[in-house]
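Please open the model in your viewer, and follow the stops below in order.

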Amino acid sequence: MTTLRNKQKWRPFFSGLGSLPGLLIFFLLILYPLAALLLQVGFPNVFNTPISWKPSWQPLQQLFANPLNGQAIVNSLILGAGSAILATFLATLVAFARVRGGKKMGKILDTAVWIVFFAPSYVIAQGWVSLMQEGGILSELLNLPNGLTQWFFSKEGLVVVMALRYIPFIYFALVPSIQNIGLEYEQAGRLLGANAGYRLRRITLPLLLPALLAGASLAFAEGFGDFGMAAAITPQMHIPLITYQIYASLDQTPVNYPSAASLSLILIVIMGLAFYLQFHFLKTRSFATISTHSKEQTEIRNHHRGFSLVAFFILFLAFFLPIGSTIIQSLLKNYVTHLDAHSWTLVHYKSLFKPGGSGLQALLRTLVYALTNAFLTMILGLFLAYQMMFRRSKINQFINLLMIATIAVPGIVLAAGFIFAYNATWLIPLHFVIYGTPICLGMAYLAGSLPYAVRLQIGSMQQVSGNLATAAFSLGASNLRVIAQIVMPLVRTTTVSTFFMTMTGTMFELPASSLLYPPGSPPFPETIQQKFNAFEFARGSAMSILGLIIVLLLYMLGRWVESMLLRSSNSVGVE
């Protein structure tokens, strides 16, 4: 009896041991890099030789000795808040056009918003710079006088560009919420004599407040921590932003590790505070709109045709205008002062395919990184999601909490953490100083994509009954066999989606590419940024368009594979 009781006592412990591989993965990829980064704030000499664990608040005190740091924090707050407010207004118009405009209109708008979502922010920003700069494409096409486009190179202009870029974050939150507001609410207001504007202000928008706050907080976090926009804008507009200051602290000689760590801490705290305020507000009242009496929203084409036209114009400004500018820029000869029939050339595209050229090497290098990262993310994401769904333990609960928190960490902060973590002096005896190697960059790519992949796989596995795994275990099947022969066939569509989503995301991943690439071997995103920083706008634009074409082809291939898998699953179900 005592032996049986002891076995039951230690059973949770031994069952939790199966989660240790997952914990080790997240420790190496996320927990250790972030801890090493934040350790610099209180222990600034821990990476020195010899190591000193003497605590000091000097990094935080010296942070504002550089006036650019304080200015960068204020600028990022203003731009993040301003772009979130404007993006919320614009996304609301697009979302209403999507819900009220009919199925065909909905599909078109959904596709356009997804294109905006996948477009890299620094490519969009560079397209706007090429379009709006003095003597730029817009000035040449419309023969504008000098100084008319200078408003763009200001905080107000940057708010507009950022707001257009962050529309998808709010749109994705709003569309299902609008669809879930039953028509009985509007009908009740109409019966009481309320006009359309009054019903919108006093009924619809208050019920949409949770979605609006969720989308706005995401837009603020994205704007406050967006390195791609900062990397494109700061050198051109001389508007310091916090993410670029982190990059500058790590890119200078000597490297200012304490400054980068302190700025990263401030970035994480402010973003965490924004999400906390959102959740705290939503707890103060109920926003339930779905009941047994709810009626589905229906299309009202004629009344909302104006919404559709406005939505198309907004998305034209958000993507097609800056990308069109980038295409034009990529076809121009160098040092063109005006546009005419002799201004056009394909030489920049031809140079990309020149054997041994930097552009082609960077592209092939990044394709290898993207393919490897997609494969590892797919496999590890499937394994970790299975572990958290079918192997309940305290360790898995901790991994899940860590994973959710990591999604809110900006890419520039996570990439900076890898510099501290894998360039540490205590790793020298272990021969594990991998900073500046392809392994370190690949691990950073994996750290950025793995939490999203796990969340997607968990969502798919929630439809898989745990009895299937239990029955397999009772018949002596191992974990690997259960994953390979039971779980993976049932969630294969999500698994394939994860693969292609990760591959397309890695193609334009800028923070890790800029901070962690091996010397002399820059990836494709860093090579593009180097071209723009060197004022080689035409060549950088050509590389951007080529990358976007590859991403679009990968996206189309992924959708085709998904449709084939769904079709085969349906045919098997019918048989």
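Helices here are DSSP runs of H or I with at least four residues, numbered from the N terminus. This is a predicted model, in which local features need pLDDT of at least 70 and side-chain atom pairs count only at pLDDT 80 or more, while totals for chains, interfaces and linings use all residues. Residues are numbered from 1 along each chain as its sequence is written, and side-chain values use heavy atoms, with hydrogens and water left out.

Next, select residues 1–17, where pLDDT stays under 50 and the model has two contacts (heavy atoms within 4.5 Å) beyond four places in sequence. Over residues 286–294 the pLDDT is also below 50, yet this stretch has 17 contacts beyond near neighbours in sequence.

Now move to asparagine 75, which lies in helix 4 (residues 67–100). Is asparagine 75 buried or exposed? Asparagine 75 is buried, because its relative accessible area is 2%, and buried means under 20%, exposed over 50%, and partly exposed in between (1.4 Å probe, protein chains only). A polar atom of the asparagine 75 side chain lies 3.1 Å from the backbone oxygen of proline 240.

Finally, select tryptophan 114 in helix 5, which is partly exposed, with a relative accessible area of 36%.

Note on methods:
Helices (H or I, at least four residues) and strands (E, at least two) are DSSP runs, numbered from the N terminus. A polar contact is a pair of N or O atoms within 3.5 Å; within protein, one must be able to donate a hydrogen and the other to accept it, and residues adjacent in sequence count only if both atoms are side-chain atoms. pLDDT is the predictor's confidence in each residue, from 0 to 100.
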